[in-house]
Amino acid sequence: MRSKAIYACSLVFVLLLLSTPGLQAADAGISVSIDRNEASIEDQLLLSVTIEGDRRAFPEVPTIADFEVFRRGGASTQVQFGSGGFRSSVEYTFVLTPKKVGTFTIPSFSVKLEGTTHQSQPFRVRILPAAANTTQKRHLFINAVVSKPNPVIQEQIIYTWRFFKRKEIQIDSR
């Protein structure tokens with residue numbers, strides 16, 4: 001009986017906390033970051049879209065000319081409670097594969113939150129040609145990516161390590 005009363009009081013406290021106007025999600029908006037601004041035609045770029053204020057929101061993905069765009073995995077959701085209030089965000093990751101060499105503008109991403117449309121800033125990326133000598137092309141290579149390039153102290157990050165091969169390789173096991 002006592003545990004039911006504690007549970008009910010806790011539930012009422014959390015509901016009151018979330019309904020307090022000063023503790024609603026602040027700083028609603030959208031930001032976009034990319035793992036690097038320069039890559040070769042052989043590489044892939046990881047683009048992260050973070051939406052602050054509504055963890056159920058999904059960005060409007062613009063057409064990005066000269067790139068193939070793929071959504072990678074699910075969403076990463078973060079909810080924080082603290083003395084500064086309540087804050088929630090969701091992060092989506094996209095993989096950009098360049099189709100040609102050059103300097104390109106990645107257009108603004110947008111999201112509608114509580115009737116207001118928020119837009120990210122456009123930015124430029126430079127795609128360099130592959131190695132001129134085809135015998136020097138990499139048949140084996142490793143790609144390592146960190147989910148957030150500038151994390152704060154004690155923030156969780158994801159380190160992704162990938163091993164790629166371009167063609168079938170025979171290993172001699174003498």
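Which residue stands opposite Phe 104 in β9? Select Phe 104 and look across to β9: the residue there is Val 125.

This is a predicted model, in which local features need pLDDT of at least 70, side-chain atom pairs count only at pLDDT 80 or more, and totals for chains, interfaces and linings use all residues. Residues are numbered from 1 along each chain as its sequence is written, and side-chain values use heavy atoms, with hydrogens and water left out.

**The sheet**

Next, select residues 123-128, which form strand β9, together with β6; the two run antiparallel and are joined by five bridges. Strands here are DSSP runs (E, at least two residues), numbered from the N terminus, and two of them pair if DSSP finds at least two bridges between them.

**Two loop residues**

Most residues other than glycine have a negative phi. Go to the loop between β3 (45-52) and β4 (67-82) and select Asp 66. Its phi is positive, about 70°, although Asp 66 is not a glycine. Asp 66 is partly exposed, at 26% relative accessible area (buried is under 20%, exposed over 50%, partly exposed in between; 1.4 Å probe, protein chains only).

Finish at Gln 154, in the loop between β10 (140-146) and β11 (159-165). Gln 154 also has a positive phi, near 70°, and is exposed, with a relative accessible area of 81%.

Key. Helices (H or I, at least four residues) and strands (E, at least two) are DSSP runs, numbered from the N terminus.
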